[in-house]
Amino acid sequence: MLIHFVPERVILEESVKHEPLTRQILSRCKTIPVDYISSVKTLIHEFRHWKESEAAASRMLLLARNKGRFLEPCPGTKKYLCCGYTILNTGTGCPLQCSYCVLQAYLNNPFITLYVNLEDMWHELETSPNFKSQNIVRLGTGEYMDSLALEHLTNFVPVIVGFLKSQNRAILELKTKTAAIEPLLGLNHGGRIIVSWSLNAEEVARTEEQASASVLERIKAAQRLVQEGYRVGFHFDPLIYYRGWEQGYLHVVELIAEHIPAASIVWVSLGALRFMPTLKGISKKRFSTTKIFAEEFVLGLDGKMRYFQPLRIDLYARMADWLRQFSPDIFIYLCMENPIVWKRSLGIAPASSAELKKMLDERINW
């Protein structure tokens, strides 16, 4: 298990060397060599000629300027129902080394990257029309990186809480596979933070999520935060089929029931393994022992490989049944699925992505 990510090298874009966050991170990496570069674009272009592998690049920390948007809509697809949350893009890449991670095929930047030009981020947040309306805004930092894996370097969460408290209808969901909750303990979060854990069967976690916290460690971390007054969520995404999966996933639901009061769980999402076709070759090269691609897959409407629909429905229906035995009122939703799969597995189906967003917004319970 990776307790705290310690980079082997820090790569620093010259234009951000005087940023306050840069200085803070460097002060916490005093013994780490620092290389200066003039252009991230040039660095990525030249990377293909390096002798180092992508695995080596993922052990380096790149501090750079975000030249694009900090706020982005969830990259869902019109072909499937999408939850409609807003990404707060504070960086890209993850040190947790999961074999199925979509970022391996989605990003052209192999480095763990933090965007340190926070003044630009604050300006974008403060002027965004998202926060001018009366609509609920669900922010998340867990789309392109683990929300807590680098918190020991950035101290980002206590700072963003101050902004959230100034907004009437904004919350931040932190998604993680770590147990690194120390920065959240004792924090006056005002109910503006929901902490969610990605969970899997213990067999899958041991073999496919090698640098993550164990399943029990994640659930015990959630238990500790519930005691601190946080609301929590759980994401079984990706659900991975293997022989004996029923016992494996049922055991995780039983661990949740043992440690977490149902009233503290805001939502649970389910999503079966899906991946861009190019991911299979990339992952098998980096993780030679992975077995997750051994099943049959079909090309979905979004261009991603998926389990056949009957298998997905079976995965979801059984998980939903176990979760409802724990708590009949627990809120369960599917990630990137069509209404037919919703109806056949959960017994309900939002009419549109907008309706699904409304259902999730209502779970905030201001």
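Visitor: Which residues of α9 are buried?

Guide: V215, R218, I219, A221, A222, L225 and V226 are buried in α9. Keep in mind that this is a predicted model.

Visitor: What puts them on the same side of α9?

Guide: They cover an arc of only 155° around the axis, so they share one side of α9. An α-helix has 3.6 residues a turn, so residues three or four places apart point the same way.

Visitor: What covers the buried residues of α9?

Guide: The cover includes β10 (193-198), α8 (202-208), β11 (231-239) and α10 (245-259).

Visitor: How do you know that the span of α9 agrees with what it should be?

Guide: Count the residues. Helix α9 (residues 215-227) has 13. The expected span takes 1.5 Å times one less than the number of residues.

Visitor: What follows α9?

Guide: G229 does, and its phi is positive, near 95°.

Visitor: Which residues touch the most other members of the largest nonpolar core?

Guide: W197, F234, F236, Y249 and L270 do, in a core of 115 residues. Helix α12 (residues 309-326) gives the most to this core, with seven residues. A second, separate core has eleven residues, including I11, F47, A57 and A64.

Visitor: What is F234 in contact with?

Guide: Leave aside its neighbours within four places in sequence. The contacts of F234 then include S196, W197, L199, A222, I256 and I260. I265, W267, V268 and S269 are also in contact with F234.

Visitor: How many aromatic pairs are there?

Guide: The count comes to twelve.

Visitor: Why is the pair of F70 and Y115 called edge-to-face?

Guide: Look at the angle. Planes over 60 degrees apart count as edge-to-face. The planes of F70 and Y115 are at 90°, with ring centres 6.5 Å apart, so the pair is edge-to-face.

Visitor: What makes this pair a tie between parts of the chain?

Guide: F70 lies in the loop between β3 (60-64) and β4 (71-73), while Y115 lies in strand β7 (residues 112-115). Those parts are 45 residues apart in sequence, so the pair ties them together. Both F70 and Y115 are buried.

Visitor: Why is the pair of Y242 and Y249 called tilted?

Guide: The angle between the planes is 50°, and the centres are 6.5 Å apart. Under 30 degrees would be stacked and over 60 edge-to-face, so the rest count as tilted. Y242 and Y249 therefore form a tilted pair.

Visitor: Are Y242 and Y249 buried or exposed?

Guide: The cut-off for buried is under 20% relative accessible area. Y242 has 17%, so Y242 counts as buried. Y249 has 0%, so Y249 counts as buried too. Both belong to one aromatic cluster, formed by F236, Y242, W245, Y249 and W322.

Visitor: How do you know that K175 lies over the face of Y85?

Guide: The charge must be within 6 Å of the ring centre and within 35 degrees of the ring normal. K175 is at 4.8 Å from the ring centre of Y85, and lies over its face. R306 lies over the face of Y80, at 4.0 Å from the ring centre.

Visitor: Why is T86 called buried?

Guide: T86 has 13% relative accessibility, and buried means under 20%. So T86 counts as buried. T86 is found in strand β5 (residues 86-88). Beyond its neighbours within four places in sequence, T86 is in contact with residues including L71, E72, N130 and V137.

Visitor: What is the phi of N155?

Guide: Phi of N155 is near 50°, a positive value in a residue other than glycine. Most residues other than glycine have a negative phi, and most peptide bonds are trans. M336 is not a glycine either, and has a positive phi of about 55°.

Visitor: Which peptide bond is cis, with omega near 15°?

Guide: The bond from D237 to P238. P238 has its place in strand β11.

Definitions and conventions: Residues numbered from 1 in each chain as written. Predicted model: local features only at pLDDT ≥ 70, side-chain atom pairs only at ≥ 80, totals over all residues. Heavy atoms only, no water. Core = buried A, V, L, I, M, F, W, Y, C linked by side-chain atoms within 4.5 Å. Buried < 20%, exposed > 50% of the residue type's maximum accessible area, 1.4 Å probe, protein only. Helix = DSSP H or I, 4+ residues; strand = E, 2+ residues; numbered from the N terminus. Contact = heavy atoms within 4.5 Å. Phe/Tyr/Trp six-rings, centres within 6.5 Å; stacked < 30°, edge-to-face > 60°. Arc of directions from axis to C-beta.
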